[in-house]
Amino acid sequence: MEIYDYLDTHDIQYERHDHPPVFTCDDVNRLVPLLPGKKTKNLFICDNKGKQHFLVTLPDEKSVDLKSFGEALSVKKLRFASAGRLEKHLKLEPGAVTILGVMNDDARQVQVIVDNAIWGADALQCHPLVNTATLVITLENVRKFLAATGHEPTVMDVPARD
């Protein structure tokens with residue numbers, strides 16, 4: 001099911017803004033017009049053995065301390081997951097990682113982690129499974145989306161790297 005059909009089917013409201021492809025937060029800051037909502041960065045990480053997968057949504061300016069984050073999750077040795085794992089679990093390509101990707105995680109193998117700074121925002125900016133558009137979605141609608149996908153997020157202060 002296409003993302004827009006999924007959102008419409010579940011009565012999840014959004015504003016769509018098309019733009020050139022963006023691959024980094026710097027690209028977003030240069031190429032995407034100022035939009036309402038909190039800018040997000042999304043990381044797809046896994047444990048060292050590749051058995052546990054996490055989709056982490058945090059403020060775009062925050063860098064994660066993977067060692068401290070792993071300790072907070074009681075997981076040894078977190079690392080960035082490969083492009084192959086990203087495709088397998090979320091059907092996404094690098095540069096298009098988004099909280100909306102969990103709509104493709106039918107097996108519920110990916111745990112969603114949301115930073116407290118994001119969970120307190122009125123609305124979020126996120127890619128609609130591609131990096132050529134940004135959706136602005138209210139937090140209420142993000143919650144509705146996660147419930148529809150069967151992903152209960154873990155909300156926490158994601159440890160930052162100094």
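A salt bridge is here a side-chain nitrogen of Lys or Arg within 4 Å of a carboxyl oxygen of Asp or Glu. In this predicted model, the side chains of aspartate 115 and lysine 62 meet that criterion, with 2.6 Å from N to O. Aspartate 115 belongs to strand β5 (residues 110–115), whereas lysine 62 sits in the loop between β3 (53–59) and α3, so the pair ties together parts that are 53 residues apart in sequence. Both aspartate 115 and lysine 62 are buried.

By the rule stated at the outset, the count comes to five salt bridges, and another of them joins aspartate 11 to lysine 144, whose closest N and O atoms are 4.0 Å apart. Because aspartate 11 lies in the loop between α1 (3–9) and β1 (15–18) while lysine 144 lies in helix α6 (residues 139–149), this contact ties together parts that are 133 residues apart in sequence. Aspartate 11 counts as partly exposed, at 47% relative accessibility, and lysine 144 likewise counts as partly exposed, at 31%.

A further salt bridge is found within one helix: arginine 30 and aspartate 27 have their closest N and O atoms 2.8 Å apart, and both residues lie in helix α2 (residues 25–31), where a separation of three residues corresponds to about one turn of the helix. Arginine 30 is exposed, with a relative accessible area of 59%, whereas aspartate 27, with a relative accessible area of 12%, is buried.

We turn next to a pair of strands. Strand β6 (residues 123–126) is covered on both faces, since Ala123 and Gln125 on one side and Leu124 and Cys126 on the other are all buried, which means that each has under 20% relative accessible area. β6 pairs in the antiparallel sense with strand β7 (residues 133–138) over four bridges, and within this pairing the bridge partner of alanine 123 is threonine 138 in β7. The two strands, β6 and β7, form a hairpin with six residues between them, and in the turn leucine 129 has a positive phi of about 75°.

Is lysine 77 buried or exposed? With a relative accessible area of 62%, lysine 77 is exposed, because the cut-off for that class is over 50%.

Technical notes: Residues are numbered from 1 along each chain as its sequence is written. This is a predicted model: local features need pLDDT of at least 70, side-chain atom pairs count only at pLDDT 80 or more; totals for chains, interfaces and linings use all residues. Side-chain values use heavy atoms; hydrogens and water are left out. Buried means under 20% relative accessible area, exposed over 50%, partly exposed in between (1.4 Å probe, protein chains only). Two strands pair if DSSP finds at least two bridges between them.
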